[in-house]
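Visitor: Could you take me through how to read burial and charge pairing in a model such as this one?

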Amino acid sequence: MYSKKDRIEEIKKNGFELSFQSVFNLAFKNYKKIVIYAGLLFFVFAVIMALFVSTILIYKFGISQLTEILKPENLNPDHLTGNSKIAFLVASVFFSVLLSPFMAGFIKMAYCAERDEEFHVSTIFEYYKSSYLKELVIATLLISIVNTGVPALLNQPELQLAMNLVSYAIIFLTFLTIPLIIFSDLKAIDAIKTSVIIFFKQPFILLGLILMAYILSVMGFLVFYIGIFFTLPFLYSMYYAIYSEIVGFDLDEK
């Protein structure tokens, strides 16, 4: 049977055709099906996480010291030094790794939406207990260390623009890593490599799609900030749509 892994090898050798309009239409179609449910889950999860983190920080530092720490100027990683900077970097990587199975759940929700299958809260947390957890953690850890740690540790003002461009490039090049793990059963390293190869096969179309998804997602900030919870799911719907249009699924999955 012609499988996804066969398709991936074909893509690596011969590339693929991709329609900007088809991908966007699929992403938007699935987004309309998941937006309310996904948005509410994002909001509830964010509130719970904020309360959890706040409780820990208040217990550790106290309200007065915490208020000082949370001033905008003190939260800028460029202004941090020594142990504070290391703690910030470790926390950033830790939360990226912690949330990666959660984000994979939203991509799975888009998969269910295209097939008109029911999705539940358990769908979002499915990958915390799946066989893919290890690969999701390894992949996110590697990407986060390179994307967050290296530029921050260099801390050269004259290289700041270059480091920012490198960080954005890493995001664009590795955006298919999670779908490749959960849908194509690739290991972490292979998924990262394959995502990079796929991006360079059609860089302009893929860059345009991802940029549009990011722009539409962050537009939620314009609606009293809370709107971001209902626009952010479009980003994960786009990730799914791109994967679906490029790699697709085995015949027995249709």
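**Burial and salt bridges**

Guide: Thr177 counts as buried because its relative accessibility is 2%, where buried means under 20% relative accessible area, exposed over 50%, and partly exposed in between (1.4 Å probe, protein chains only). This is a predicted model, in which local features need pLDDT of at least 70 and side-chain atom pairs count only at pLDDT 80 or more, whereas totals for chains, interfaces and linings use all residues. Residues are numbered from 1 along each chain as its sequence is written, and side-chain values use heavy atoms, with hydrogens and water left out.

Visitor: Which residues does Thr177 touch, not counting those up to four places away in sequence?

Guide: Taking contact as heavy atoms within 4.5 Å, Thr177 touches Ala139, Ile143, Ala191, Ile192 and Ser195.

Visitor: How many salt bridges are there?

Guide: A salt bridge is a side-chain nitrogen of Lys or Arg within 4 Å of a carboxyl oxygen of Asp or Glu, and by this rule the count comes to six. One of them joins Lys33 to Asp116, with the closest N and O atoms 3.0 Å apart. That pair links distant parts of the chain, 83 residues apart, since Lys33 is in helix 2 and Asp116 in the loop between helix 5 (82-114) and helix 6 (121-124); helices here are DSSP runs (H or I, at least four residues) numbered from the N terminus.

Visitor: Are Lys33 and Asp116 buried, partly exposed or exposed?

Guide: Lys33, at 32% relative accessibility, counts as partly exposed, while Asp116, at 64%, counts as exposed.

Note on methods
Helices (H or I, at least four residues) and strands (E, at least two) are DSSP runs, numbered from the N terminus.
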